[in-house]
Amino acid sequence: MADHAVHHDYHILPPSPWPLVASVAATIMMIGAVMWMKGLFGLPAGTSWVFFAGLAGVLFSMVGWWADVIKESHAGDHTPVVSLGLRYGMVLFIASEIMFFAGFFWMFFEMAIFNEARTLIPEFGNWTDTAAAWSTWPPRGIEVLDAWQLPLLNTVILLLSGTTVTWAHHALQVGDRKAAKIGLGLTIALGALFTAVQAYEYYHILHENLFFNEEALNSTLYGSIFFMATGFHGFHVLVGTIFLAVCLIRLMVGQMSAQKHFGFEAAAWYWHFVDVVWLFLFAFVYVVFG
């Protein structure tokens, strides 16, 4: 008689549609992004429906794929070896995110520290106005934000959220599900508050025209770096807030236990990563070179 029992610690995945569906949706989304910004296939710039159709497909793939992972966990497929692999995967994902932000910091530091050196390059010719603008960083004429107002408020909000998510994680580890729910709810509220404060900050910058004005030559370079770095961080805060909200929903429907709650651990790791990145942004973008 054939032996169909599993004699190893690994989970052999059944055929899944999600890798193909996610790849097709992501391709459509990127083509749609080009079409939206530049126009493509005879369609004019501003055609956005293809991008949003692809985005809907990506979100659908994410929900379906991660739902399958949760089902596999409930079925007992996440052995200690598989769980370790999931942890390694999350660590590598966060490491890739660190390198993603390292590129923005590299660009910012390169301009902040070596801004004057660029004006000595022969290709610049007699760009005296550019040299004058880059004699300081931020470029002359830019009105930067006061680091000790809205940026400091958001720093306090994120640091506080780091303590509440740690409290929630510890509460779940000791089996106090009620405290875990309260801690998670507070963390989600603080994440939403951070997003609201940053949205107000952006409104203030654009309404007052702080970074883009005729007096500040090459000010768009500073504005681009600022919005790319802080904007992508804000997007990560939004993603982390959704991540934690899903964990809260799972807690409320009776999922996760003191012994098995990797989804919550992964969300907490991601949230702490977001906290640390903001501390670097606050220290260097707002304070040191602000």
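**Close-up views of a predicted model**

View 1. The axes, fitted to C-alpha atoms over the stretch in contact, are 13 Å apart at an angle of about 30 degrees (range 0 to 180, between N-to-C directions). Helices α7 (residues 177–208) and α9 (residues 262–288) are DSSP runs of H or I with at least four residues, numbered from the N terminus.

The model is predicted, with local features requiring pLDDT of at least 70 and side-chain atom pairs pLDDT 80 or more, while totals for chains, interfaces and linings use all residues. Residues are numbered from 1 along each chain as its sequence is written, and side-chain values use heavy atoms, without hydrogens and water.

**View 2. W36 and F52 form a tilted aromatic pair.** Their ring centres are 5.3 Å apart, with 50 degrees between the planes; pairing requires centres within 6.5 Å, and planes under 30 degrees apart count as stacked, over 60 as edge-to-face and the rest as tilted. W36 belongs to α1 (residues 18–38) and F52 to α2 (residues 49–74), so the pair ties together parts 16 residues apart in sequence. F52 is partly exposed at 42% relative accessible area, whereas F51 is buried at 16% (buried under 20%, exposed over 50%, partly exposed in between; 1.4 Å probe, protein chains only).

**View 3. Ring pairs link F93, F100, F101, F104, F232, F243, Y270 and F273 into a cluster.** The whole structure holds 27 aromatic pairs.

Definitions and conventions
Helices (H or I, at least four residues) and strands (E, at least two) are DSSP runs, numbered from the N terminus. Rings of Phe, Tyr and Trp (its six-membered ring) pair if their centres lie within 6.5 Å; planes under 30 degrees apart count as stacked, over 60 as edge-to-face and the rest as tilted.
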